[in-house]
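Hi,

Here's the structure I said I'd pass along. Have a look first, and my notes follow below.

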Amino acid sequence: MSLMTTSSAFSATLLPFPPPPRLSVARLRLHPRRRALVRCAAVSEIAPAASAAYGVLLLGGGAFAYARSGSKGSIYGGLAGAALMGAAYYLMQSPETMAAGDAVGFGSAFLFACVFGIRLYNSRKLVPSGLLLALSLGALGVFYSAYLQDKV
């Protein structure tokens, strides 16, 4: 049995796998780009339509719950959600305030996702809390991705 004296033979006996390839300095990114949740080139163009649709669904759901059970909290929540989504839609129309509109949409979608998540946890009923939670999370992803695209 002979002793291995070269460094390559020594490292080959210690490491069971080869070392990773070295990247050139030009290929290294010092500041990696943030990746958007929704992969679409026009998410910032979809966000106003998503805001309007989400606001109409919140308003319609609140009105339906009020008509069915007389819940004043549902109608107030639906009106508040529609007002916030209307404000987000209005802000998204101008290029100067588009990021602010995305932020308002994101914040209100996050608020409603928390509310519907709590309601789902307490009631354990998939309808309507689970569906509205899924809708709120989808809107949250759209507004977050649009915000990242508008800020960069």
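A quick term before the details: buried means under 20% relative accessible area, exposed means over 50%, and partly exposed is in between (1.4 Å probe, protein chains only). By that scale tyrosine 144 is partly exposed, with a relative accessible area of 32%.

Some ground rules. This is a predicted model, where local features need pLDDT of at least 70, side-chain atom pairs count only at pLDDT 80 or more, and totals for chains, interfaces and linings use all residues. Residues are numbered from 1 along each chain as its sequence is written, and side-chain values use heavy atoms, with hydrogens and water left out.

Now the rings. Searching the whole structure turns up 3 aromatic pairs (Phe, Tyr or Trp rings, the last by its six-membered ring, with centres within 6.5 Å; planes under 30 degrees apart are stacked, over 60 edge-to-face, the rest tilted). Phenylalanine 106 and phenylalanine 110 make a stacked one, at 6.4 Å centre to centre and 15° between the planes. Phenylalanine 106 is partly exposed at 31% relative accessibility, and so is phenylalanine 110, at 44%. Phenylalanine 106 also pairs with tyrosine 144, this time tilted: 6.0 Å between centres, 40° between planes. Phe106, Phe110 and Tyr144 form one aromatic cluster.

One more for you: arginine 124 lies over the face of tyrosine 121, 4.7 Å from the ring centre (the criterion is NZ of Lys or CZ of Arg within 6 Å of the ring centre and within 35 degrees of the ring normal).

Cheers
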